[in-house]
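Dear colleague,

Please find below the structure that I am handing over to you, together with its sequence. My findings come after it.

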Amino acid sequence: MILLCDDLAGMKAFYERLFSFQIEEDFPERMTFFRVGTLFLGLRRRGRAYDGPNVPLASASIQISFRVPPADVDLAYDRLVELGQEVIEPPTNQDWTHRTLFFRDPENNIIEVFADIHPRETLAEPSGAHLMVD
C-alpha cells in the first residue's frame, strides 16, 4: 500500500515515531517504504500528474487498519496518549467481535488498530477466547 503525501518528511517521522516500523527503502525526496510484518507501507510525495488534487483537510482519504493481539489495542492507546496524539475513538469492543481504536495521521488518513475478540471478553483483560473453537 502506498499513501500519497504532501509532507513526506512529516509523515515518515509520524509512522517511525508512533509504530517503530523498520524502514525497508528510503528515498528522502520521493518515497519511503516501511516493513509491516510481511507487507510494505509506502509513503510517496504527491506530485505526479495523475495523483489528483489533495484531499480537503477536513476529509479523510483512506482508512488503514492494523490487526494486533487483543491486549495490544490498549497498549497502542496508551502509546498514543503518551505521545499526545489525538484519538478519534478510544478502545471499544464492537458488535462485530473486534476491539478497535481510531486516530488520524498528520494528513488526516484514519488509522484503525483492531483485534479479533470473542463477545464474552471484558474490556480490561482479553481472554484469548477468540483463538478457541467452540
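This is a predicted model: local features need pLDDT of at least 70, side-chain atom pairs count only at pLDDT 80 or more; totals for chains, interfaces and linings use all residues.

Residues are numbered from 1 along each chain as its sequence is written, and side-chain values use heavy atoms, with hydrogens and water left out.

Overall fold

The protein chain contains two helices and eight strands, and their order along the sequence is β-α-β-β-β-β-α-β-β-β. Helices (H or I, at least four residues) and strands (E, at least two) are DSSP runs, numbered from the N terminus. The chain has 134 residues, of which 36% count as buried. Here buried means under 20% relative accessible area, exposed means over 50%, and partly exposed lies in between (1.4 Å probe, protein chains only). The accessible surface of the chain is about 8100 Å², and carbon and sulfur atoms account for 55% of that surface. These areas come from the Shrake-Rupley method with a 1.4 Å probe; for residues, only the protein chains shown count as cover. Of the contacts between residues at least 6 apart in sequence, 47% join residues at least 24 apart; a contact means heavy atoms within 4.5 Å.

In soluble globular proteins, nonpolar side chains tend to be buried together. In this model, the largest nonpolar core has 21 residues, and those with the most contacts inside it are Leu 3, Tyr 15, Leu 41, Leu 43 and Phe 103. At least two residues of this core come from each of strand E1 (2-5), H1, strand E3 (31-36), strand E4 (39-45), E5, H2, E7 and E8. H1 supplies the largest share, five residues. A nonpolar core is defined as a set of buried Ala, Val, Leu, Ile, Met, Phe, Trp, Tyr and Cys residues joined through side-chain atoms within 4.5 Å. Leaving aside neighbours within four places in sequence, Phe 103 is in contact with residues including Phe 14, Leu 18, Phe 19, Leu 80, Ile 110 and Val 113.

Largest pocket

The largest pocket holds about 190 Å³ of space. Its lining consists of Leu 18, Phe 19, Phe 21, Phe 66, Arg 67, Val 68, Asp 72, Ala 76, Arg 79, Leu 80, Phe 103 and Val 113. Helix H1 (8-19), strand E5 (63-67) and helix H2 (70-82) are the elements that give two or more residues to this lining, and H2 gives the most, with four residues. By class, the lining has nine nonpolar residues, no polar ones and three charged ones.

The pocket terms are as follows. On a 1 Å grid over the protein atoms alone, a pocket is an open set of points where a 1.4 Å probe fits, with protein on both sides within 12 Å along at least five of seven lines; lining residues have an atom within 4 Å of a point. Grid points are joined across faces, edges and corners, and the volume is the space filled by probe spheres set on the points. Ala, Val, Leu, Ile, Met, Phe, Trp, Tyr, Cys and Pro count as nonpolar, Asp, Glu, Lys and Arg as charged, and the others, Gly among them, as polar.

Asp 72, one of the lining residues, is placed in helix H2 and is partly exposed at 29% relative accessibility. Asp 72 and Arg 99 are 27 residues apart in sequence, with 10.0 Å between their C-alpha atoms.

Backbone and individual residues

Most residues other than glycine have a negative phi. Thr 97, which is not a glycine, has a positive phi of about 60 degrees. Thr 97 is found in the loop between strand E6 (87-93) and strand E7 (98-104) and is partly exposed, with a relative accessible area of 31%. Asn 108 also has a positive phi, near 75 degrees. Asn 108 lies in the loop between E7 and strand E8 (110-116) and is buried, with a relative accessible area of 10%.

Asp 6 is in the loop between E1 and H1 and is partly exposed at 40% relative accessibility. The C-alpha atoms of Asp 6 and Asn 54 are separated by 7.8 Å, although these residues are 48 apart along the chain.

With kind regards
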